[in-house]
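Here are some exercises to work through with the structure open. Try each one before you read its solution.

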Amino acid sequence: MAYLTTTASGQPVLVLKEGTTRNRGREAQRNNIMAARVIGEVLRTTLGPRGMDKMLIDSLGDITITNDGAAILNEIEVEHPAAKMMVEIAKTQDDMVGDGTTTAVVLAGELLKKAEELLDQNIHPTIIVSGYRKAAQKAMETINNIAIEVDIDDRATLKKVAVTSMASKAVGPAKDHLADIAIDAVRKVAEKRGDKWVADIDNVQVTKKTGKSLFESQLIQGLVIDKEVVHTGMPKNVERAKIALIDSALEIEKTEISAEIRIRDPNQMKAFLDQENKMLQEMVEKIKASGANVVFCQKGIDDMAQHFLAKEGIMAARRVKQSDMEKLARATGGRIVSNLTDLRAQDLGVAGLVEERKLGEDKMIFVEKCKDPRSVAIIIRAGLERMVDEAERAMTDALSVVSDVIENNKIVAGGGAVEVEVAKELRNYATDVGGREQLAIESFADAIEIIPKTLAENAGLEPIDILVELRASHGKPDGQYKGVNLFTGKVENMRDKGVVEPVIVKEQAIKSATESATMIIRIDDVIASTKPKE
Ligand code: ADP
Ligand code: MG
């Protein structure tokens, strides 16, 4: 239907294109809120260590079994724009802090549910939005007030944070081992800039290979390159390796324009080829002269150059990914060189051992025993492919939370403890604010309690009973640490039980949930153009 309006003189004016659909007012709000809430509901049952898993089957029939919020939303294809915004929350959460995706999405869903109730009581969206924003601000203050500072050398606490993040992953008794690897890895790549610690986990390479067990997963002080040694005549292992990192081709450059070279007699042909070989030999000589015994080349290596390198006893790999080249530089302390003429001994990287080894079915090159690697590798092993995948997700979560705590050394108690404390503070604050906003702030308080409620529900506990007990315990001494321990089913001091999480995971979850929920609430008109006909 085309949208028409009329001028004062009654002339029809076409405003929107034919085929445009429009949906406004309460109906638009209701639709958006419903679509977004569906996403929250989908993830709800997966929250926490006793959450259920989802089996996802993609269009090619590949199966993933997980309860990782980000992974689930990655796989399902969402159509509705408001639902897509919920998917965005998970992505943002994952990119910013690496954990707490389910929490963020479930919270956003609940904020919307409560907002709908307020809309039904004729509270204007603008009031809801401003109330929610004030509540989120207050929640941040509360979290920071109850946060516990962590010394980054306090390995025991880092380990608790890592293990808590893996609680909901199906990696069972290997959690301790994986947590240790995660801590070692992050500590290796962490660096102090000014008076701040930066731990960029992009410098931790995670490689997974089916076979063996989770307990054989290990940290490599260096890197694993998914390439084979390029020539059979080359050594397969080099100790005390001096590594040249080259990002240009070890080939004779072919001209862009296809030139025709007319060769009339065989001697000329030979001279031509000799000339090429000589150039390649010179390249290899330059490498040799630098003292290198291993070459990683980002581009190709000519057959003849391979032959010359092999003759010199130099190991080489070609077409190494650019990201791996950068990691190699960080791990070995080498410098990536484009022009061979510039290659000096001080540009070479150093590793105790470079070795081609078989990992599962494939050959890979291990660059290890690096002295002070700024980039490290983790190899995840497990008997089943699905287990390796789940362990990789667990590892990324553990790496994320450890780096979160190293960068921002504050933690809070989990198991709903922080959420119940925030709700309590918000209810006090709401009465100070008063007016209609008070209702929105109280709704926010109710909404955030969805976290302990859901944790309890997923563990088969009675959510209302648990919530009542939690509320009663907060406000008493150490109340801010009281959460529901899902392994005992009781309300306990979660700090003492070692269920702790980074402050920034909680902050980010509240921030992104509030942002998306308020964005969705404020929409009262959805105008959609139809797709052009093909
Ligand atoms: P998210 O994607 O939000 O990280 P998870 O499924 O990882 O979701 O669940 C995280 C929640 O589980 C947090 O609220 C955390 O405090 C809670 N949790 C972890 N371990 C326990 C435990 N032993 N008892 C109670 N709650 C726990
Ligand atoms: Mg988690």
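Helices (H or I, at least four residues) and strands (E, at least two) are DSSP runs, numbered from the N terminus. This is a predicted model, in which local features need pLDDT of at least 70, side-chain atom pairs count only at pLDDT 80 or more, and totals for chains, interfaces and linings use all residues. Residues are numbered from 1 along each chain as its sequence is written, chains are lettered from A and ligands numbered from 1 in the order in which they are written, and side-chain values use heavy atoms, with hydrogens and water left out.

**Exercise 1.** Find which element gives the most to the shell around ligand 1.

*Solution.* Start with the elements that each supply at least two shell residues: α4 (101–120) and β20 (482–485). Of the elements, α4 gives the most, with three residues.

**Exercise 2.** Work out which residues come nearest to ligand 1, where near means a heavy atom within 4 Å.

*Solution.* First, take the 23 residues around the ligand; Asp99, Thr102, Thr103, Gly415 and Glu501 come nearest. Next, look for polar contacts (pairs of N or O atoms within 3.5 Å; within protein, one must be able to donate a hydrogen and the other to accept it, and residues adjacent in sequence count only if both atoms are side-chain atoms). The side chain of Asp99 has an N or O atom 2.8 Å from a ligand 1 oxygen. For the side chain of Thr102, the distance to an oxygen of ligand 1 is 2.8 Å too. Finally, a nitrogen of ligand 1 lies 3.2 Å from a polar backbone atom of Leu486.
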